[in-house]
Amino acid sequence: MTKLDVKNSKKLIYLCSLAYFVSYLTRINFAAVIAAIISDGYIDKTAAGAVTTVGFITYGVGQLISGKLGDRFDPKRLMTLGFAATALMNLAIPFARGAVLMCLVWGVNGLAQSLMWPPMLKIMKTAMSEDDFNKGCVRTNLGSTIATIVIYVLSPAVISVWSWKGVFCITAVCGAVMAVTWFSVLTKIEKSADIKYTLVKSKQVKTKRSLAMPVGLLIFTLAAIFFQGVLRDGVTTWLPTYICESFGLS
């Protein structure tokens with residue numbers, strides 16, 4: 001197996017950036033329209049907070065599971081499954097009236113979303129040179145930034161001419177299209193260099209690994225990441241509701 005040339009590496013980076021863009025659209029859209037959902041009387045604030053919390057928890061736990069699955073199964077198929085599942089959950093959420101049903105649907109969406117980033121890293125690491133991989137990780141993350149801007153601009157526009165349900169319908173279509181695009185385009189890229197992924201069997205030889213980082217420093221780092229995530233996601237989720245209630249803006 002050879003690594004991708006520069007041209008195909010760029011194609012893969014663009015594809016991964018687009019994939020990450022769509023994954024963000026189908027994950028943070030609930031937070032973008034949460035004020036509209038509450039004002040429509042579908043759920044109250046407490047229930048809305050529970051829905052987003054369940055989604056965050058299943059997404060975080062799913063990342064750990066997804067990393068292991070990516071070692072045992074074809075990462076391309078895992079990501080395709082993730083996009084298909086998140087498209088279905090985005091399509092289902094407007095019909096899931098009530099806190100329990102919404103928590104269930106958005107919890108499954110969190111699991112579907114977790115099937116994307118770890119397998120994507122494995123694909124890039126396997127297919128690209130070290131230099132292209134490092135560049136790819138940075139550029140792929142731009143997809144999340146652009147998606148955040150797009151969803152917060154798109155949502156008010158869609159709500160004004162349709163409703164908050166329209167936002168989920170649009171993102172569901174994006175997820176379904178991305179599932180097909182991801183599988184078909186990546187298959188062509190893989191064939192250009194005969195890319196084969198190393199899949200770990202269930203029975204494997206365990207090797208001793210030395211600690212690359214002191215335990216104390218690792219715990220401190222993980223705690224910092226955890227609280228940064230709590231603050232960031234909390235602000236992102238509730239800012240539209242806060243602005244709406246404090247300043248009377250639509």
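User: I'd like to start with Ser17. Which residues does Ser17 touch, not counting residues up to four places away in sequence?

Analyst: Contact means heavy atoms within 4.5 Å. By that rule, Ser17 touches Arg139, Thr140 and Gly143 once residues up to four places away in sequence are set aside. Before we go on: this is a predicted model, where local features need pLDDT of at least 70, side-chain atom pairs count only at pLDDT 80 or more, and totals for chains, interfaces and linings use all residues. Residues are numbered from 1 along each chain as its sequence is written, and side-chain values use heavy atoms, with hydrogens and water left out.

User: Okay. Is Ser17 buried or exposed?

Analyst: Buried means under 20% relative accessible area, exposed means over 50%, and partly exposed is in between (1.4 Å probe, protein chains only). Ser17 has a relative accessible area of 14%, so it is buried. You'll find Ser17 in helix 1; helices here are DSSP runs (H or I, at least four residues), numbered from the N terminus.

User: How many residues does the largest nonpolar core have?

Analyst: In soluble globular proteins, nonpolar side chains tend to be buried together. A nonpolar core here is a set of buried Ala, Val, Leu, Ile, Met, Phe, Trp, Tyr and Cys residues joined through side-chain atoms within 4.5 Å. The largest one has 56 residues, and Phe30 and Trp182 are among those with the most contacts inside it. Helix 1 gives the most to this core, with 13 residues.

User: What is Phe30 in contact with, leaving aside its neighbours within four places in sequence?

Analyst: Its partners include Ile37, Val51, Met102, Trp106 and Phe168. Ring pairs also link Phe30 into a cluster with Tyr42, Trp106, Trp164 and Phe168.

User: How is a pair of aromatic rings described?

Analyst: By the distance of the centres and the angle of the planes. Rings of Phe, Tyr and Trp (its six-membered ring) pair if their centres lie within 6.5 Å; planes under 30 degrees apart count as stacked, over 60 as edge-to-face and the rest as tilted. The structure holds seven aromatic pairs. In one of them, the rings of Tyr20 and Tyr24 have centres 5.4 Å apart and planes at 65 degrees, so that pair is edge-to-face. Both lie in helix 1, four residues apart, about one turn of the helix.

User: And why do Tyr20 and Tyr24 count as buried?

Analyst: Tyr20 counts as buried because its relative accessibility is 9%, and Tyr24 because its relative accessibility is 14%.

How values were computed. Helix = DSSP H or I, 4+ residues; strand = E, 2+ residues; numbered from the N terminus.
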